[in-house]
Structures are given as C-alpha cells and as structure tokens.
Amino acid sequence: MSILDSYVIIGYDVIMNSMTDSIREMVRESMNQQGISTYRLAQLTEIEQPNVTRLLKGRSGKIPDSWQKILDALDLELVVQPKARKRR
C-alpha cells in the first residue's frame, strides 16, 4: 500500500465516522425532544439498554463499510429525518 492509499483510507474512515456521528447526534436530539431516555428507547426497540448506550456513544453500530462504499459510488449519503406523520 502506498502513502497515497493510506490517505485515501484514512479520509474514507473520517467521512464514514462523521456520517455515523451525525446520525447518532440526530438520534440523541430526537430523544431529547421527545423526552425518551435510553431505558425507554431500549424498551421501544427491544434492544438491551447497555447495547443502546453503546450505540449512542459510538462504541458499536458503525455504518457497515460495504454500505458506505455503495453510497459513495452512487454519490449518496445517509440522512436522518423525522418520518412524515400519518393522518388519522
């Protein structure tokens, strides 16, 4: 691997981590706005609370490399936004 390849790989990791971090931040903001604790989120998602905490702190839950490569190849990015509310 050349020095140039190293920079590309490092740059790729920074972009991917930045995207993952922005998703985590949006999730935390939404939890705060809705008054949802990590305990309640664990109940809603049926994910054990320690795992929810790990996901929110970035210790796990990174966007898989293969998906990031697909998004990059198609010049797409993953965006988090509120769902459209259904009319009742």
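How much space lies in the largest pocket? In this predicted model, the largest pocket holds about 580 Å³ of space. The protein chain comprises 88 residues and contains 4 helices and 0 strands. The mean pLDDT of the protein chain is 76.

**Fold and packing**

- Along the sequence, the elements of the protein chain are arranged in the pattern α-α-α-α.
- Of the 88 residues in the protein chain, 18% count as buried.
- Among contacts in the protein chain with a separation of 6 or more, 62% are made by residues 24 or more positions apart.

**Largest pocket**

- The volume of the largest pocket is about 580 Å³, and 15 residues line this pocket.
- The lining residues closest to the centre of the largest pocket are Ser30, Gln34, Gln81, Pro82 and Lys83.
- Of the elements, α1 contributes the most to the lining of the largest pocket, with 7 residues.
- Sorted by class, the lining of the largest pocket consists of 8 nonpolar, 4 polar and 3 charged residues.

**Second largest pocket**

- The second largest pocket has about 310 Å³ of space, and its lining is made up of 14 residues.
- Ile23, Arg24, Val27, Leu55 and Gly61 are the lining residues closest to the centre of the second largest pocket.
- At least two residues of the lining of the second largest pocket come from each of α1, α2 and α3 (49-57).
- The largest share of the lining of the second largest pocket is supplied by α1, with 4 residues.
- By class, 9 nonpolar, 4 polar and 1 charged residues form the lining of the second largest pocket.

**Confidence of the model**

- In the protein chain, 76% of the residues score a pLDDT of at least 70.
- Among the elements of the protein chain, α2 has the highest mean pLDDT, at 94, whereas α1 has the lowest, at 66.
- Over residues 1-15, pLDDT stays under 50, and the model has 6 contacts beyond four places in sequence for these residues.
- The element with the lowest mean pLDDT, α1, is also the element that gives the most to the lining of the largest pocket and the largest share to that of the second largest pocket.

Note on methods:
Residues are numbered from 1 along each chain as its sequence is written. This is a predicted model: local features need pLDDT of at least 70, side-chain atom pairs count only at pLDDT 80 or more; totals for chains, interfaces and linings use all residues. Side-chain values use heavy atoms; hydrogens and water are left out. On a 1 Å grid over the protein atoms alone, a cavity is a set of points where a 1.4 Å probe fits but cannot get out, and a pocket is an open set with protein on both sides within 12 Å along at least five of seven lines; lining residues have an atom within 4 Å of a point. Grid points are joined across faces, edges and corners, and a volume is the space filled by probe spheres set on the points. Ala, Val, Leu, Ile, Met, Phe, Trp, Tyr, Cys and Pro count as nonpolar, Asp, Glu, Lys and Arg as charged, and the others, Gly among them, as polar. Buried means under 20% relative accessible area, exposed over 50%, partly exposed in between (1.4 Å probe, protein chains only). Contact means heavy atoms within 4.5 Å. pLDDT is the predictor's confidence in each residue, from 0 to 100.
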